[in-house]
Structure formats: C-alpha cells, structure tokens
Amino acid sequence: MASVRVRFSPSPTGLLHVGSARTALFNFLYARHTGGAFLLRIEDTDVARSTQAAIDQALDVLTWLGLAFDGEPVLQSSNIERHRDAASQLVAAGHAYECYCTKDELDARNAEATAGGRPPGYDGKCRDLDEATRAARRDEGRSAAIRFRTPLDGESRFVDVVRGPVVVPWATISDFVIMRAGGAPVFYLANAVDDIDMAITHVIRGEDLLDSTHRVLAIRRALGPYDDPAYVHCPLIIGPGGHKLSKRHGAVSVEDYRGAGYLPATLVNYLALLGWSPGDDRQVMTIDELVGAFDIVDVNHAGAAFDAQKLEWMNGEHIRALRLDALIAAVEPFARARYGAAIDATPNADATLATAIALAQQRATTLVQIAEQCRFLFTSDADFEIAPESWERLVGTAQVGGLLDAVIDHCK
RNA sequence: GCCCCCAUCGUCUAGUGGCCUAGGACGCCGCCCUUUCAAGGCGGUAACGGGGAUUCGAACUCCCCUGGGGGCACCA
C-alpha cells in the first residue's frame, strides 16, 4: 500500500483565511499521523489575483502555526507546459475542444438563460465546430479557449471518504474551460495534472470544492488510467449566525488572531476541533496529541460555527501551559510594538519583569493582555521599580490583575 | 432556477438499535475565593427540527417535509 501523500494548495490572493488554515492543518495532521508526506503547492494560475506578498504571507503563517511541509513548495505556474500538454492531449483525444465564444457573448447568453428560467452554463455552441468554421473564427481575430467535453447523459460518481458516494447527473455539468484563450490553465486542469504529477493519494479540502471534484476527476480519468485519489471534503467554517464567515464577523485571517495575541498552539488546537473530534472529552491538546488522535474518517459532516469566545478561553489554557521563558518571548513582540520595549527573554535577566509576566500568566487570555498588564514595566516614564521580593510577597495576598492595576494607578 | 452536501444544548461536539430520565467543553446564571479580575473551585440552565416507516425497542436505519450551507465563471 502506497504511503500517504497529501498537499495543501492555497491560492495566494490574500491573507490566509482560518478556513484555509484548518484545511492545511487537517492535511498536516493526516500526513503526520500516517507517516506520509505533507506537500505544499501554491495555486497561482490566476495571475491577475495572485501576488508574491500573499505567497510569502502564506508561508510565514504555516511556519508560525508549526505546519512544516515536506520538500520544496511547488508553484503551479511553473508547471504550465505540463498543463498545456495535457490540454492538447485531451483535445487530440476528443475529450476537449476549442471554444471561440468571447466573455461578453457568454455573459449575454448566460444572462438570457437565467432570465428564461434556465440554468446558466455553457450552451455547447462550439462543441462540434468543424475545422473550416474554427479557421473562420480565427480569421475574425478570435483566439480559442479549450473546453472539456462532458457527457450529455449518465452520471458522475466518486466516493468521498467521510460522506460516501456522491452522484450527480452529467446533464447538470456543462462543458467547462480548462485553458483560457490566453493559454493559461484553469484550476480544474492544473489541479488534476499537478495531483497526478505529485502522486497525491488523498485530497483533503473544503466542502466548497465538492462539486468541482466531478470536473477534476473527469479530466484526470480522461488523461489516463490513473487511480482516483481518496477525497475528503471537510465541512466549512461558518460565522456566528450560521452564515458564511466574513469580515463582518470580525477577524477571519490567521494574521488577525496572531496580531490579537493568540498563540499558534491555540489556533491549531481550536481549528482542529472545528469539524473534528478526538472521540473523547479532550479539549486542550498539543499539536502532537492531535497528530496522535487524528483520523480522517472522524471528520464531521456539518458546517461548524467559529466561536471566538471558546477560542479566547482556549488561548488562556495554552498561555498557562507555556514555560515562562517561552511566554516572555511570545509577549516580547507585543510589548515592543506597543511600548517600544525590548525584553530579554531570559527570566533571570529581569526578575521583576519575569515575575510580573508570571503573575499575568495566571489569568490572561491573550498575549496582548499580558503586555498591557505589564506596561508599567515597559514604559520609560515608569520611574520606579518594584523588587522581586515585593512581588512574591504580594502574590500571596493579592490577585494578579488587581495588583497590576494598583501598581499602574500608583504610577500615574 | 437547477445540482450537490448537511441537520444533537446558544456554540463546538460525544453518541453508530436497548448502557440516553442524551455525556463533555465554551458561553450564560448562581455560590465560593477575592480590596478590583479576563484566572480558579462548586453547582445550575440548555438539545436529539417536523411527519411518516422499519423494529419488541429508535438520537442512532429508510422516506417525505422544513431549515441551513455549497456549487452552477476564460476565480480557486
């Protein structure tokens, strides 16, 4: 039995969404759990929307989360020749054809169809053009896109690992573009070809791609006698109202939470529990524990609402589980950003600071809170000092938050 | 409009025919701790969407309805 090979394939068009992060996490956990490979492929075929900054950001976030991938990241755009060859192969075999319809024409016909109560989708105008007609179209100055020829009847079928058989009538899937007029491959084609080339065995992704699987699989099957990879479609992460998670609900990118003082261990832990459960009562888990308990067949079916309150509670748990030097190092960027303070991450280097942070650790839920509670130690105008012994004495009689506030008040 | 997926406390979930008068966690409420508290301790509130069917017996199986989500691009 071939070893597991999975990939995370983000499209670099913006900040990495928590939903994407969870997809990356599930792939990572499955690979590590099975001893397989976790690969990274940047799906940048949409040149207009992809940016280098987004690629760098995605890499940075994965590193921060601790989701180390195997090998070098693959840039989908670098495989463009392979995609073109595949498209040619499909055309030669009759699985695909040249389409000379323009974007405007397609939009107009789709609008017409929708208005007439008919489903949108390609109407097959160029499906059976003869060479003379194609030549005539080219003479008009038109360039061809390439469309995949889908069956007119019968049904497309594949078996999702957690959902079971998914069957859809071919009649509801119209011929779709696999190569743009400019010669750029479209997602369906690039995805199918790259998964073949990378020998991906399990495709773990969001449920929003469930329907596209029929298309990708059709291309893959038309390209050759390749075994289908196993497909796992994870439920989507939804907003508090049960609707799509959007900016309207607050933070949606991993970067947002990172900046708000959340630990990577928290995000990893929380995201893992959204759409998956270890099957027992465990809530607070380390990434290693998650790796040990994770199995793809335990992924849930229903969408999961993102609960910021539970995330905050969990962050407090992880903060408390942190060793002091690690916590100080984690707080440092926040203290510096807010108060320009540079902290020596060695506890002994500044016993007062270490004591203060240790106290704040007992009840804080974010790193930002800790930085704020200890701000009197960071700000330059705090022209007083508290001996470590004083802190220790106070710990026994006073509660942390209040103590710090009292000191801050005294400072004013 | 058409296609697909889904459905247990407010939220994340456990539960795969009897162990369920449905368990855990977050939140919420109360009490305790406490010169404040985002922490901690104890207790409490709260759910199987509706209707059929199968069965001696359904949260768990099947069907319908309702509800929610996703998709139908020369985006991914």
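Contact denotes heavy atoms within 4.5 Å. The model is predicted, with local features requiring pLDDT of at least 70 and side-chain atom pairs pLDDT 80 or more, whereas totals for chains, interfaces and linings use all residues. Residues are numbered from 1 along each chain as its sequence is written, and side-chain values use heavy atoms, with hydrogens and water left out.

View 1. Helices (H or I, at least four residues) and strands (E, at least two) are DSSP runs numbered from the N terminus. Ala199, which follows α6, has a positive phi near 55°.

**View 2. The largest nonpolar core and Phe306.** A nonpolar core is a set of buried Ala, Val, Leu, Ile, Met, Phe, Trp, Tyr and Cys residues joined through side-chain atoms within 4.5 Å. Leu65, Leu271 and Phe306 touch the most other members of this 51-residue core, to which helix α1 (residues 18-34) gives the most, with nine residues. Not counting residues up to four places away in sequence, Phe306 touches residues including Val18, Ile237, Tyr257, Leu271 and Leu311.

**View 3. Thr266 in helix α9 (residues 264-272).** Thr266 counts as buried because its relative accessibility is 0%. Neighbours within four places in sequence aside, Thr266 is in contact with Leu311, Met314, Asn315 and His318.

Methods. Chains are lettered from A and ligands numbered from 1 in the order in which they are written. Buried means under 20% relative accessible area, exposed over 50%, partly exposed in between (1.4 Å probe, protein chains only).
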